[in-house]
Amino acid sequence: MRFRLGLKRDFDFAQHPSDEAGQDAAPHPLESQRPTPVTMYDFSKLRAAVLAGRAPDATAAARQALEAAVDPVELVNQGIAPAMDEVGRLYEAGEYFVPELLLSARATKEVFQLIRPLLVQKGAQPTGRVVLGTVQGDLHDIGKNLVGAMLEGSGFEVIDLGVNVAPNKFVAAITEKQAQIVGLSALLTTTMPAMKTTLEALRAAGVRDRVKVIIGGAPVTPAFAQAIGADAYGENAAVAVDLARKLVAR
Amino acid sequence: MPALEKPAPLASETCIPLPLVPRMEEIFRCLGYARRAAPPAAIARAIERIVAEALPLLQPRGTYSLYALEAQTARSLSLGGLVLEGNIGEFLHGAARVAVFVATAGAEITRQAEVRCGAGDAFAGWALDAVGSWAAESAAEALQERLDRHLSAGEGLTLPYSPGYCGMDLAEQRKLFRLTRADTVGVSLLPSLLMEPIKSVSGIIGLGPRAAVATDLTPCDRCPLIGCHMRR
(Lines give C-alpha, C1' and ligand atoms only; values in the text may rest on other atoms or scores of the structure.)
Protein backbone atom coordinates (compact mmCIF):
# COMPACT_ATOMS: atom_id res chain seq x y z
CA MET A 1 0.00 0.00 0.00
CA ARG A 2 1.34 3.41 -0.92
CA PHE A 3 0.33 6.59 0.80
CA ARG A 4 0.26 9.80 -1.13
CA LEU A 5 1.11 12.45 1.38
CA GLY A 6 0.87 16.19 1.34
CA LEU A 7 3.74 18.09 -0.30
CA LYS A 8 3.95 15.19 -2.73
CA ARG A 9 5.94 13.11 -0.27
CA ASP A 10 5.70 9.34 0.04
CA PHE A 11 7.02 7.26 2.86
CA ASP A 12 7.68 3.55 2.88
CA PHE A 13 9.99 2.14 5.45
CA ALA A 14 8.90 -1.43 4.81
CA GLN A 15 12.20 -2.12 3.06
CA HIS A 16 14.39 -0.36 5.60
CA PRO A 17 17.11 -2.82 6.60
CA SER A 18 16.88 -1.94 10.27
CA ASP A 19 13.24 -2.91 10.29
CA GLU A 20 13.60 -6.34 8.76
CA ALA A 21 13.93 -8.07 12.10
CA GLY A 22 10.93 -6.25 13.45
CA GLN A 23 8.44 -7.01 10.72
CA ASP A 24 6.60 -9.71 12.67
CA ALA A 25 7.15 -8.21 16.07
CA ALA A 26 4.39 -7.13 18.42
CA PRO A 27 2.63 -3.86 17.56
CA HIS A 28 4.57 -0.73 18.41
CA PRO A 29 3.50 0.50 21.86
CA LEU A 30 2.44 3.78 20.35
CA GLU A 31 0.10 1.91 18.01
CA SER A 32 -2.05 0.78 20.95
CA GLN A 33 -4.55 3.57 20.42
CA ARG A 34 -5.01 2.76 16.73
CA PRO A 35 -4.13 6.23 15.37
CA THR A 36 -6.69 8.01 13.28
CA PRO A 37 -6.24 11.23 11.33
CA VAL A 38 -6.51 14.30 13.53
CA THR A 39 -6.51 17.20 11.13
CA MET A 40 -6.84 19.90 13.79
CA TYR A 41 -3.91 18.78 15.94
CA ASP A 42 -1.59 21.61 16.91
CA PHE A 43 1.89 20.70 15.62
CA SER A 44 3.48 23.98 16.67
CA LYS A 45 5.56 22.39 19.46
CA LEU A 46 6.94 19.76 17.11
CA ARG A 47 7.67 22.32 14.40
CA ALA A 48 9.34 24.67 16.89
CA ALA A 49 11.51 21.87 18.26
CA VAL A 50 12.63 20.85 14.75
CA LEU A 51 13.31 24.47 13.82
CA ALA A 52 15.38 24.91 16.98
CA GLY A 53 17.18 21.61 16.37
CA ARG A 54 16.17 20.25 19.77
CA ALA A 55 15.95 16.50 19.24
CA PRO A 56 14.65 15.55 22.73
CA ASP A 57 11.88 18.17 22.50
CA ALA A 58 11.00 17.05 18.98
CA THR A 59 10.69 13.39 19.95
CA ALA A 60 8.70 14.36 23.06
CA ALA A 61 6.31 16.42 20.93
CA ALA A 62 5.99 13.59 18.42
CA ARG A 63 5.33 11.08 21.20
CA GLN A 64 2.68 13.40 22.59
CA ALA A 65 1.02 13.64 19.18
CA LEU A 66 0.99 9.88 18.73
CA GLU A 67 -0.46 9.46 22.22
CA ALA A 68 -3.21 11.84 21.11
CA ALA A 69 -3.97 9.40 18.28
CA VAL A 70 -2.46 11.55 15.53
CA ASP A 71 -1.86 9.61 12.34
CA PRO A 72 1.94 9.30 11.87
CA VAL A 73 1.57 10.19 8.22
CA GLU A 74 -0.16 13.38 9.26
CA LEU A 75 2.60 14.01 11.78
CA VAL A 76 5.12 13.90 8.94
CA ASN A 77 2.98 15.98 6.62
CA GLN A 78 1.91 18.70 8.97
CA GLY A 79 4.66 18.62 11.58
CA ILE A 80 8.02 17.59 10.20
CA ALA A 81 7.74 18.52 6.54
CA PRO A 82 6.71 22.17 6.99
CA ALA A 83 9.37 22.60 9.68
CA MET A 84 12.12 21.23 7.42
CA ASP A 85 10.86 23.38 4.56
CA GLU A 86 11.22 26.38 6.83
CA VAL A 87 14.71 25.28 7.86
CA GLY A 88 15.66 25.17 4.17
CA ARG A 89 14.13 28.58 3.58
CA LEU A 90 16.01 30.11 6.52
CA TYR A 91 19.26 28.62 5.25
CA GLU A 92 18.70 30.02 1.79
CA ALA A 93 17.88 33.39 3.35
CA GLY A 94 21.19 33.37 5.25
CA GLU A 95 19.47 33.24 8.64
CA TYR A 96 20.45 29.64 9.32
CA PHE A 97 23.88 28.12 8.79
CA VAL A 98 25.11 24.56 8.39
CA PRO A 99 25.10 23.69 12.13
CA GLU A 100 21.44 24.72 12.42
CA LEU A 101 20.63 22.58 9.37
CA LEU A 102 22.34 19.59 10.90
CA LEU A 103 20.69 19.97 14.29
CA SER A 104 17.25 20.24 12.69
CA ALA A 105 18.02 17.22 10.51
CA ARG A 106 19.12 15.28 13.60
CA ALA A 107 15.91 16.19 15.43
CA THR A 108 13.85 15.06 12.46
CA LYS A 109 15.81 11.85 12.09
CA GLU A 110 15.10 10.96 15.71
CA VAL A 111 11.39 11.58 15.18
CA PHE A 112 11.52 9.30 12.13
CA GLN A 113 13.19 6.62 14.26
CA LEU A 114 10.25 6.88 16.65
CA ILE A 115 7.51 6.75 14.04
CA ARG A 116 9.14 4.40 11.52
CA PRO A 117 7.49 1.25 12.93
CA LEU A 118 4.09 2.92 12.59
CA LEU A 119 4.84 4.04 9.04
CA VAL A 120 5.96 0.49 8.24
CA GLN A 121 2.64 -0.83 9.47
CA LYS A 122 0.88 1.61 7.20
CA GLY A 123 3.02 0.54 4.26
CA ALA A 124 4.11 4.12 3.64
CA GLN A 125 7.04 4.84 1.33
CA PRO A 126 10.14 6.99 1.99
CA THR A 127 10.31 10.23 0.06
CA GLY A 128 12.86 8.49 -2.10
CA ARG A 129 15.90 6.26 -1.99
CA VAL A 130 19.26 7.94 -2.59
CA VAL A 131 22.68 6.41 -3.18
CA LEU A 132 25.40 8.86 -2.10
CA GLY A 133 29.15 8.76 -2.46
CA THR A 134 32.36 10.70 -2.99
CA VAL A 135 33.80 9.66 -6.33
CA GLN A 136 36.89 7.55 -6.87
CA GLY A 137 40.16 9.23 -5.95
CA ASP A 138 38.59 11.72 -3.55
CA LEU A 139 38.55 11.32 0.23
CA HIS A 140 36.46 14.35 1.22
CA ASP A 141 33.29 13.25 2.90
CA ILE A 142 31.96 16.01 5.11
CA GLY A 143 29.92 17.76 2.40
CA LYS A 144 28.47 14.45 1.32
CA ASN A 145 27.62 13.65 4.95
CA LEU A 146 25.85 16.98 5.26
CA VAL A 147 23.71 16.22 2.21
CA GLY A 148 22.99 12.74 3.58
CA ALA A 149 21.88 14.08 6.94
CA MET A 150 19.60 16.63 5.31
CA LEU A 151 18.08 14.01 3.01
CA GLU A 152 17.42 11.67 5.95
CA GLY A 153 15.88 14.55 7.84
CA SER A 154 13.55 15.05 4.90
CA GLY A 155 12.34 11.46 4.85
CA PHE A 156 14.68 10.00 2.24
CA GLU A 157 16.34 6.65 2.72
CA VAL A 158 20.06 7.23 2.20
CA ILE A 159 22.55 4.57 1.17
CA ASP A 160 25.93 6.17 1.86
CA LEU A 161 28.75 4.40 0.02
CA GLY A 162 31.45 6.54 1.65
CA VAL A 163 34.49 8.04 -0.06
CA ASN A 164 36.72 6.95 -2.94
CA VAL A 165 33.82 5.01 -4.44
CA ALA A 166 34.50 3.09 -7.64
CA PRO A 167 31.92 3.47 -10.43
CA ASN A 168 30.95 -0.22 -10.24
CA LYS A 169 29.99 0.22 -6.59
CA PHE A 170 27.50 2.91 -7.57
CA VAL A 171 26.09 0.60 -10.22
CA ALA A 172 25.75 -2.26 -7.72
CA ALA A 173 24.07 -0.09 -5.09
CA ILE A 174 21.57 1.36 -7.58
CA THR A 175 20.61 -2.13 -8.69
CA GLU A 176 20.49 -3.66 -5.23
CA LYS A 177 18.69 -0.81 -3.46
CA GLN A 178 16.42 0.23 -6.31
CA ALA A 179 17.52 3.82 -5.80
CA GLN A 180 15.84 6.68 -7.65
CA ILE A 181 18.57 9.24 -7.04
CA VAL A 182 22.36 9.14 -7.10
CA GLY A 183 24.40 11.88 -5.47
CA LEU A 184 28.05 12.26 -6.51
CA SER A 185 30.46 14.44 -4.59
CA ALA A 186 33.97 15.69 -5.46
CA LEU A 187 36.07 18.42 -3.88
CA LEU A 188 39.00 18.50 -6.25
CA THR A 189 39.34 19.54 -9.84
CA THR A 190 41.44 16.42 -10.30
CA THR A 191 38.65 14.11 -9.12
CA MET A 192 35.78 15.80 -10.97
CA PRO A 193 36.49 13.67 -14.08
CA ALA A 194 35.59 10.61 -11.96
CA MET A 195 32.01 11.94 -11.96
CA LYS A 196 31.98 11.61 -15.74
CA THR A 197 33.51 8.14 -15.50
CA THR A 198 30.82 7.14 -13.00
CA LEU A 199 28.05 8.37 -15.29
CA GLU A 200 29.61 6.43 -18.16
CA ALA A 201 29.64 3.31 -15.97
CA LEU A 202 25.95 3.83 -15.18
CA ARG A 203 25.20 4.05 -18.89
CA ALA A 204 27.31 1.01 -19.72
CA ALA A 205 25.53 -1.01 -17.03
CA GLY A 206 22.13 0.06 -18.35
CA VAL A 207 21.02 1.75 -15.11
CA ARG A 208 21.45 5.39 -16.10
CA ASP A 209 17.82 5.78 -17.15
CA ARG A 210 16.56 4.37 -13.85
CA VAL A 211 18.10 7.11 -11.73
CA LYS A 212 18.45 10.85 -11.56
CA VAL A 213 22.00 12.02 -10.89
CA ILE A 214 22.78 15.07 -8.77
CA ILE A 215 26.40 16.23 -8.49
CA GLY A 216 28.01 18.69 -6.10
CA GLY A 217 31.23 19.85 -4.46
CA ALA A 218 33.23 23.07 -4.25
CA PRO A 219 34.77 23.04 -7.76
CA VAL A 220 31.66 21.65 -9.50
CA THR A 221 29.56 24.01 -11.63
CA PRO A 222 26.18 23.82 -13.38
CA ALA A 223 28.03 23.90 -16.70
CA PHE A 224 30.11 20.88 -15.71
CA ALA A 225 26.95 19.03 -14.61
CA GLN A 226 25.40 19.71 -17.99
CA ALA A 227 28.57 18.78 -19.88
CA ILE A 228 28.84 15.33 -18.30
CA GLY A 229 25.11 14.62 -18.57
CA ALA A 230 24.12 14.82 -14.90
CA ASP A 231 20.49 15.68 -14.18
CA ALA A 232 21.19 18.43 -11.69
CA TYR A 233 23.83 20.39 -9.81
CA GLY A 234 23.34 20.80 -6.06
CA GLU A 235 24.93 24.05 -5.01
CA ASN A 236 24.49 23.22 -1.33
CA ALA A 237 22.76 20.68 0.92
CA ALA A 238 19.44 22.53 1.07
CA VAL A 239 19.35 22.85 -2.71
CA ALA A 240 20.27 19.17 -3.09
CA VAL A 241 17.32 18.13 -0.91
CA ASP A 242 14.95 20.36 -2.86
CA LEU A 243 16.25 18.95 -6.15
CA ALA A 244 15.91 15.39 -4.89
CA ARG A 245 12.31 16.01 -3.93
CA LYS A 246 11.52 17.50 -7.31
CA LEU A 247 13.29 14.73 -9.21
CA VAL A 248 11.46 11.91 -7.40
CA ALA A 249 8.13 13.70 -7.89
CA ARG A 250 8.54 13.64 -11.70
CA MET B 1 62.17 4.78 -10.66
CA PRO B 2 64.62 6.52 -8.27
CA ALA B 3 63.25 9.48 -6.31
CA LEU B 4 64.20 12.83 -7.77
CA GLU B 5 66.71 14.70 -5.69
CA LYS B 6 65.24 17.60 -3.74
CA PRO B 7 66.47 21.07 -4.75
CA ALA B 8 68.71 22.68 -2.11
CA PRO B 9 66.93 25.54 -0.26
CA LEU B 10 68.51 28.61 1.31
CA ALA B 11 67.03 27.51 4.62
CA SER B 12 64.44 25.13 5.94
CA GLU B 13 62.74 24.34 9.24
CA THR B 14 60.39 21.68 10.53
CA CYS B 15 58.18 22.60 13.50
CA ILE B 16 56.61 19.86 15.64
CA PRO B 17 54.35 20.90 17.23
CA LEU B 18 53.16 24.32 16.09
CA PRO B 19 51.31 26.50 18.63
CA LEU B 20 47.54 26.85 18.15
CA VAL B 21 45.37 29.39 19.96
CA PRO B 22 41.67 28.60 19.49
CA ARG B 23 39.60 31.59 18.41
CA MET B 24 35.92 30.76 18.39
CA GLU B 25 35.06 33.31 15.72
CA GLU B 26 37.47 31.59 13.34
CA ILE B 27 36.04 28.17 14.18
CA PHE B 28 32.53 29.55 13.60
CA ARG B 29 33.69 30.71 10.15
CA CYS B 30 34.99 27.23 9.38
CA LEU B 31 31.59 25.88 10.47
CA GLY B 32 29.94 27.98 7.79
CA TYR B 33 28.86 31.07 9.74
CA ALA B 34 29.05 34.23 7.71
CA ARG B 35 31.34 37.05 8.70
CA ARG B 36 30.10 38.73 11.88
CA ALA B 37 27.42 36.02 12.33
CA ALA B 38 27.53 33.92 15.48
CA PRO B 39 25.51 30.87 16.45
CA PRO B 40 22.72 31.06 19.01
CA ALA B 41 23.96 30.52 22.57
CA ALA B 42 22.83 26.88 22.82
CA ILE B 43 24.56 25.95 19.57
CA ALA B 44 27.67 27.91 20.56
CA ARG B 45 27.84 25.89 23.79
CA ALA B 46 27.49 22.64 21.85
CA ILE B 47 30.27 23.75 19.52
CA GLU B 48 32.49 24.72 22.45
CA ARG B 49 32.06 21.22 23.92
CA ILE B 50 33.15 19.69 20.62
CA VAL B 51 36.11 22.06 20.36
CA ALA B 52 37.21 20.92 23.84
CA GLU B 53 36.91 17.32 22.66
CA ALA B 54 38.83 18.11 19.47
CA LEU B 55 41.83 20.02 20.80
CA PRO B 56 43.67 16.99 22.24
CA LEU B 57 43.26 15.23 18.87
CA LEU B 58 45.13 17.91 16.93
CA GLN B 59 48.71 17.29 15.82
CA PRO B 60 49.72 20.71 14.40
CA ARG B 61 53.03 20.60 12.61
CA GLY B 62 54.64 22.10 9.58
CA THR B 63 57.73 22.53 7.48
CA TYR B 64 59.02 25.14 5.08
CA SER B 65 61.91 25.55 2.69
CA LEU B 66 63.12 28.95 1.58
CA TYR B 67 64.38 29.57 -1.95
CA ALA B 68 65.84 32.48 -3.89
CA LEU B 69 63.51 33.65 -6.63
CA GLU B 70 65.41 32.78 -9.78
CA ALA B 71 63.07 34.35 -12.33
CA GLN B 72 59.57 35.81 -12.42
CA THR B 73 56.98 36.78 -14.99
CA ALA B 74 53.29 37.65 -14.58
CA ARG B 75 52.53 33.99 -15.27
CA SER B 76 55.42 32.15 -13.66
CA LEU B 77 57.88 31.86 -10.81
CA SER B 78 61.18 29.99 -10.97
CA LEU B 79 62.68 28.63 -7.79
CA GLY B 80 64.74 25.60 -6.87
CA GLY B 81 65.13 24.84 -10.57
CA LEU B 82 61.37 24.42 -11.02
CA VAL B 83 58.86 26.73 -12.70
CA LEU B 84 55.50 27.34 -10.98
CA GLU B 85 52.95 28.52 -13.51
CA GLY B 86 49.83 30.67 -13.19
CA ASN B 87 48.89 34.09 -11.90
CA ILE B 88 51.07 33.34 -8.95
CA GLY B 89 53.81 35.20 -10.81
CA GLU B 90 51.75 38.39 -10.61
CA PHE B 91 50.54 37.73 -7.05
CA LEU B 92 54.09 37.40 -5.74
CA HIS B 93 55.27 40.51 -7.54
CA GLY B 94 58.04 42.19 -5.56
CA ALA B 95 59.17 39.09 -3.72
CA ALA B 96 62.88 38.36 -3.59
CA ARG B 97 62.67 34.94 -1.92
CA VAL B 98 59.89 32.38 -1.72
CA ALA B 99 59.05 29.95 1.06
CA VAL B 100 57.29 26.72 0.16
CA PHE B 101 55.38 25.25 3.09
CA VAL B 102 53.23 22.35 4.19
CA ALA B 103 51.29 22.41 7.48
CA THR B 104 48.88 19.87 8.89
CA ALA B 105 46.45 19.30 11.73
CA GLY B 106 47.16 15.56 11.61
CA ALA B 107 44.92 12.64 10.80
CA GLU B 108 43.25 11.96 14.15
CA ILE B 109 40.73 14.80 13.95
CA THR B 110 39.42 13.50 10.61
CA ARG B 111 39.22 9.96 11.94
CA GLN B 112 37.16 11.15 14.89
CA ALA B 113 34.88 13.20 12.62
CA GLU B 114 34.26 10.06 10.56
CA VAL B 115 33.49 8.07 13.69
CA ARG B 116 30.91 10.61 14.83
CA CYS B 117 29.33 10.86 11.37
CA GLY B 118 29.27 7.09 11.12
CA ALA B 119 27.46 6.96 14.44
CA GLY B 120 24.77 9.23 13.00
CA ASP B 121 25.90 12.48 14.61
CA ALA B 122 26.51 14.62 11.53
CA PHE B 123 26.55 17.79 13.66
CA ALA B 124 29.48 16.56 15.78
CA GLY B 125 31.18 15.25 12.63
CA TRP B 126 30.80 18.57 10.88
CA ALA B 127 32.05 20.48 13.94
CA LEU B 128 35.11 18.23 14.35
CA ASP B 129 35.86 18.59 10.66
CA ALA B 130 35.59 22.37 10.99
CA VAL B 131 38.01 22.35 13.93
CA GLY B 132 40.38 20.34 11.73
CA SER B 133 40.08 22.92 8.95
CA TRP B 134 40.70 25.75 11.39
CA ALA B 135 43.68 23.91 12.89
CA ALA B 136 45.29 23.27 9.48
CA GLU B 137 44.87 26.95 8.54
CA SER B 138 46.17 28.07 11.94
CA ALA B 139 49.15 25.73 11.74
CA ALA B 140 50.00 27.29 8.37
CA GLU B 141 49.72 30.77 9.91
CA ALA B 142 51.93 29.78 12.85
CA LEU B 143 54.45 28.41 10.39
CA GLN B 144 54.41 31.66 8.42
CA GLU B 145 55.26 33.55 11.61
CA ARG B 146 58.45 31.50 11.77
CA LEU B 147 59.45 33.15 8.49
CA ASP B 148 59.88 36.47 10.27
CA ARG B 149 63.40 35.37 11.24
CA HIS B 150 64.34 35.38 7.57
CA LEU B 151 63.18 38.95 6.94
CA SER B 152 65.70 41.75 6.71
CA ALA B 153 64.89 45.29 7.86
CA GLY B 154 62.12 46.79 5.73
CA GLU B 155 60.99 43.42 4.40
CA GLY B 156 57.60 41.77 4.73
CA LEU B 157 55.62 38.76 3.61
CA THR B 158 53.20 38.46 0.70
CA LEU B 159 49.90 36.68 1.14
CA PRO B 160 50.14 32.89 1.08
CA TYR B 161 48.78 31.06 -1.97
CA SER B 162 47.84 27.42 -2.34
CA PRO B 163 47.54 25.21 -5.42
CA GLY B 164 43.97 24.75 -6.58
CA TYR B 165 42.65 28.00 -5.18
CA CYS B 166 44.04 31.10 -6.75
CA GLY B 167 46.83 31.71 -9.13
CA MET B 168 48.02 28.12 -9.26
CA ASP B 169 46.56 25.06 -10.84
CA LEU B 170 46.20 22.10 -8.49
CA ALA B 171 48.71 20.21 -10.65
CA GLU B 172 51.43 22.56 -9.32
CA GLN B 173 51.08 20.67 -6.04
CA ARG B 174 53.58 18.08 -7.32
CA LYS B 175 56.23 20.79 -7.68
CA LEU B 176 55.53 22.13 -4.19
CA PHE B 177 56.06 18.67 -2.78
CA ARG B 178 59.42 18.47 -4.54
CA LEU B 179 60.39 21.82 -3.05
CA THR B 180 59.55 20.99 0.55
CA ARG B 181 60.05 18.15 3.03
CA ALA B 182 56.41 17.27 3.62
CA ASP B 183 57.44 13.77 4.64
CA THR B 184 59.05 15.15 7.81
CA VAL B 185 55.61 16.18 9.07
CA GLY B 186 53.84 13.05 7.84
CA VAL B 187 52.08 14.61 4.85
CA SER B 188 51.97 12.76 1.54
CA LEU B 189 50.50 13.50 -1.84
CA LEU B 190 48.03 11.06 -3.37
CA PRO B 191 47.74 10.50 -7.13
CA SER B 192 44.61 12.70 -7.14
CA LEU B 193 46.84 15.49 -5.70
CA LEU B 194 44.92 15.29 -2.45
CA MET B 195 47.09 15.61 0.62
CA GLU B 196 46.97 13.03 3.35
CA PRO B 197 46.17 13.79 6.19
CA ILE B 198 43.30 15.58 4.52
CA LYS B 199 43.49 18.50 6.98
CA SER B 200 46.71 19.86 5.53
CA VAL B 201 47.61 23.09 3.79
CA SER B 202 50.39 23.60 1.28
CA GLY B 203 51.39 26.81 -0.35
CA ILE B 204 53.97 29.44 -1.12
CA ILE B 205 54.64 32.85 0.33
CA GLY B 206 56.97 35.56 -0.86
CA LEU B 207 59.49 37.57 1.17
CA GLY B 208 60.50 40.97 -0.12
CA PRO B 209 60.55 44.75 0.44
CA ARG B 210 57.48 45.65 2.52
CA ALA B 211 56.48 48.45 0.16
CA ALA B 212 56.39 46.00 -2.74
CA VAL B 213 54.62 43.06 -1.08
CA ALA B 214 52.19 44.70 1.37
CA THR B 215 48.46 44.39 0.60
CA ASP B 216 45.13 44.78 2.36
CA LEU B 217 43.67 41.80 0.52
CA THR B 218 43.23 38.26 1.79
CA PRO B 219 43.86 35.20 -0.44
CA CYS B 220 40.05 34.78 -0.54
CA ASP B 221 39.75 38.12 -2.34
CA ARG B 222 41.64 36.53 -5.23
CA CYS B 223 39.87 33.17 -5.08
CA PRO B 224 37.14 32.39 -7.63
CA LEU B 225 35.28 30.03 -5.25
CA ILE B 226 32.79 32.66 -4.13
CA GLY B 227 30.40 30.04 -2.68
CA CYS B 228 33.10 28.55 -0.43
CA HIS B 229 31.83 28.32 3.16
CA MET B 230 35.34 28.99 4.44
CA ARG B 231 35.50 32.37 2.73
CA ARG B 232 36.83 35.13 4.96
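**View 1. The pairing of B:Leu79 with a residue of β5(B).** In this predicted model, B:Leu79 has B:Leu82 of β5(B) as its bridge partner. The two strands concerned, β4 (residues 76–79) and β5 (residues 82–85) of chain B, pair in the antiparallel sense over 4 bridges. Together β4(B) and β5(B) make a hairpin in which 2 residues lie between the strands, and B:Gly80, in the turn, has a positive phi of about 60°.

**View 2. The open sheet of chain B.** In chain B, 5 strands in the order β1-β2-β6-β10-β7 form an open sheet with antiparallel pairing. Because β1 (11–15) and β7 (155–157) of chain B stand at the edges and each have a single partner strand, one side of each is left without a neighbour in the sheet. From one strand to the next, the twist averages 15°.

**View 3. Strands β2 and β6 of chain B, with helix α5(B).** Strand β2 (residues 61–68) of chain B runs antiparallel to strand β6 (residues 97–104) of chain B, and 8 bridges join them; B:Arg61 stands opposite B:Thr104 in β6(B). Helix α5(B) packs on the sheet, where it touches β1, β2, β6, β7 and β10 (200–209) of chain B, and its direction makes about 145° with that of β6(B).

**View 4. The contact between chains A and B.** This contact takes 24 residues from chain A and 26 residues from chain B. On the side of chain B that touches chain A, α2 (41–54), α4 (108–118) and α5 (122–145) of chain B each supply at least two residues, and the largest share, 5 residues, comes from α5(B). By class, that side of chain B has 18 nonpolar, 6 polar and 2 charged residues.

Conventions:
Residues numbered from 1 in each chain as written. Chains lettered and ligands numbered in written order. Predicted model: local features only at pLDDT ≥ 70, side-chain atom pairs only at ≥ 80, totals over all residues. Contact = placed C-beta atoms within 7 Å. Nonpolar A, V, L, I, M, F, W, Y, C, P; charged D, E, K, R; others polar. Pairing = 2+ DSSP bridges. Axes fitted to C-alpha atoms, helices over the stretch in contact; angles between N-to-C directions.
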